[in-house]
Every structure is written in structure tokens, then in C-alpha cells.
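Subject: Structure handover

Hello,

Here is the structure I said I would pass on. Please open it alongside this message and keep it in view as you read.

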Amino acid sequence: DANPLDGQVALVTGASSGIGEATAKALADAGASVGLAARRESELQAVADDIESAGGEALVVPTDVTEESQVESMIDTTASELGGLDILVNNAGVMLLEAVADADTDNWRQMVEVNLLGLMSATKTALPVMKENGGGHVVNVSSIAGRMSMATGSGYNATKFGVNGFTEAFRKEVTDDGIRTTIIEPGLVDTELADHIPDEDIQAETEEWVDSIEPLTGEDIARSIRFAVSQPQHVSINEMLIRPTQQE
Ligand code: NDP
């Protein structure tokens, strides 16, 4: 089926760059109308323009996922403007790598608020809309860092392990509601994620690592998400770990 998501509405957070941008485009290409959420409105508009030029439908929903009221209006606006909500991709995230000894606790707080609490409140707010529609699919972008920790990962690992724990608990609560969950665990993907690492040495090491192997692209992850959300309703792909072939 060339357009397995025809007639469906998807919402992607962190759609202004990287994995989120590629995922929004892939879901639009599969036929979904797509809400685009993140803070940078001009980047979202550029993604929407690309989707519309390719014949798809997109809605820009500027949102800071750390503000609960903005998360609520993100869901409400998408559902009312696009006609429901079938697929929520919680992808917005930041990776502020620091050793525990050197960590700025404001960076920990930001990671918890974006990567974990933002995802949790978006899931909670989407739930009644999905229940009313008779089903839905929540895709949570975790990481390989949600399964194994690394030195300097402290805060980031804590949020991604948290995403996995939250998602599995949520899955058990909604099996009777026709709601599916998928945890996506990418390995190294070449995006803007490392640009925000506060520690210069750790940022330089991360960039060297990206240059030392052939990393994944946002599109590589988007294909897996498209696959997971295009399965028949009785099939629930709950977890996908995707590494670059050269990653240890
Ligand atoms: P990018 O930095 O390219 O994308 C991050 C996205 O999150 C941006 O669209 C950004 O938009 C958005 N975002 C950040 N803070 C907020 C906020 N407060 N409110 C709303 N949106 C926000 O990196 P990636 O594409 O790599 O990251 C996407 C996800 O993939 C993250 O959850 C990351 O942890 C995960 N991941 C990435 C890996 C990698 O190697 N790159 C590996 C494993 C997982 P804006 O700034 O406009 O708000």
C-alpha cells in the first residue's frame, strides 16, 4: 500500500530538525496529515512547505513541550484543525552530556522536562482524544541510551530509561483501548543533537565519533517509525533498536 496512513492524523514533536523532521515527512508521504511541533517556528514552516510541495498536508503548531499548557493546546489544536489524532510521535529531546561531578543541575532539569515530562504530559493529554476515536498509536523516541548507560550520560540516560519505563506501564494500561505503543531506540544519528552539548571536550569527542563511522540519518529512523505505525491494528511493534552497522 503506497499510502497506508491515508485519512490519519499524526503529530510529531521536535519536528523542526533531525529525526522529527524526517519522520514528519515520511508520515506525510504515507498519507497522514501531520502536525509539526517544536519551538522554532520558521524551521517548522520550512518543513510544512516541503510537505505541502510534495502534495501532503501539514500544520505548524509552535510548542515548548516543557510548558504543560502549551502541550495541551498542541494536542487540542492538532485534533481540531486536522480532525482527530491517530499517531503521536514524542520525539523532542536534548542531550546535554556531562559527568556527574561537573553537571549543571539546570541541564539535568531541562533534560527531564523535555525528554521525559514533555513526553509524559503529551501522552496523557492525547489519551482521551485517542480513546474517543477508538484507538491510536503513541511512538516514543527513546535511545540506545534507554537500554545501556555511558559515562557522561548520567542525566540523559536517566531520562531515556525513564521513557522506556513510562511507555511500558502506559502500554499495559491501554491494551483494551486499541492504543498501540512503540519505543524507538536509535544508536548514533547525525543530527543537531550534539550541537547543544555544554562540555566542549565531550562535544568534540562526540563529533569525532560521528566522523569515525557511517552514522544513521534521520530518514533511517523515520523509515522504522513509518513501518511500525503502518502495521495492521492487531500488530503492535513495541520496541525497535536501530544502530549504525559500524556502531559497537
Ligand atoms: P535534533 O537536535 O535535530 O532535534 C531535537 C528536536 O527537539 C528539535 O526539533 C528541537 O526543536 C526539539 N526540542 C528541543 N527542546 C524542545 C522543547 N523544549 N520543546 C519542543 N521541542 C523541543 O536531534 P535529533 O533529531 O537527534 O533528536 C530527536 C530525538 O532523538 C531526541 O529525543 C533524541 O534524544 C533522540 N535520539 C537521537 C540520537 C542521535 O544520535 N541523534 C540517538 C538516540 C536518540 P526546537 O529547538 O525548534 O524546539
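This is a predicted model: local features need pLDDT of at least 70, side-chain atom pairs count only at pLDDT 80 or more; totals for chains, interfaces and linings use all residues.

The strands form an open sheet of seven, paired in parallel, in the order β3-β2-β1-β4-β5-β6-β7. At the edges are β3 (57-62) and β7 (239-242), each of which pairs on one side only. From one strand to the next, the twist averages 15 degrees.

On one side, β4 runs parallel to strand β1 (residues 9-13), with three bridges joining the two. Across this pairing, Leu11 faces Leu88 of β4, and Val12 has Val89 of β4 opposite it.

β4 also pairs with strand β5 (residues 136-141), again in the parallel sense, over four bridges. Here Asn90 stands opposite Asn140 of β5.

β5 in turn is joined to β6 by six bridges, and these two strands run parallel. Within that pairing, Val139 has Thr182 of β6 as its bridge partner. Strand β6 covers residues 179-186, and eight of its eight residues are buried. One side of β6 carries Ile179, Thr181, Ile183 and Glu185, and the other carries Arg180, Thr182, Ile184 and Pro186. Both of these faces are covered.

How do helices α4 and α5 lie relative to each other? Helix α4 spans residues 105-133 and helix α5 spans residues 154-174; their axes come within 9 Å and cross at roughly 15 degrees. The two helices are therefore roughly parallel. Their crossing is right-handed. On the α4 side, the contact is made by Asn107, Trp108, Met111, Val112, Asn115, Leu116, Leu119, Met120 and Thr123. On the α5 side, it is made by Gly155, Tyr156, Thr159, Lys160, Gly162, Val163, Phe166 and Phe170. By class, this contact of α4 with α5 has ten nonpolar residues, six polar and one charged.

The other pair is helix α1 (residues 18-29) with helix α7 (residues 218-229), whose axes are 8 Å apart and which pack at an angle of about 45 degrees. That angle makes α1 oblique to α7. The crossing of α1 and α7 is right-handed. From α1, the residues that meet α7 are Gly18, Ile19, Glu21, Ala22, Thr23, Ala26 and Leu27. Their counterparts in α7 are Gly218, Glu219, Ile221, Ala222, Arg223, Ile225 and Arg226. The contact of α1 with α7 is made up of seven nonpolar, three polar and four charged residues.

A residue in α2

Finally, look at Ser42, which sits in helix α2 (residues 41-53). Is Ser42 buried or exposed? Ser42 is exposed, because it has 9 other C-beta atoms within 10 Å, and the cut-off for exposed is 12 or fewer. Between the C-alpha atoms of Ser42 and Pro62 the separation is 9.4 Å, and the two residues are 20 residues apart along the chain.

Regards

Technical notes
Residues are numbered from 1 along each chain as its sequence is written. Axes are lines fitted to C-alpha atoms, for helices over the stretch in contact, and angles run from 0 to 180 degrees between N-to-C directions. Angles under 35 degrees count as roughly parallel, over 145 as roughly antiparallel, 65 to 115 as roughly perpendicular and the rest as oblique. A crossing is left-handed if the near helix is turned anticlockwise from the far one by less than a right angle, and right-handed if clockwise. Two residues are in contact if their C-beta atoms, placed from the backbone, lie within 7 Å. Ala, Val, Leu, Ile, Met, Phe, Trp, Tyr, Cys and Pro count as nonpolar, Asp, Glu, Lys and Arg as charged, and the others, Gly among them, as polar. Two strands pair if DSSP finds at least two bridges between them. A residue is buried if 20 or more other C-beta atoms lie within 10 Å of its own, exposed if 12 or fewer, and partly exposed in between; C-beta atoms are placed from the backbone.
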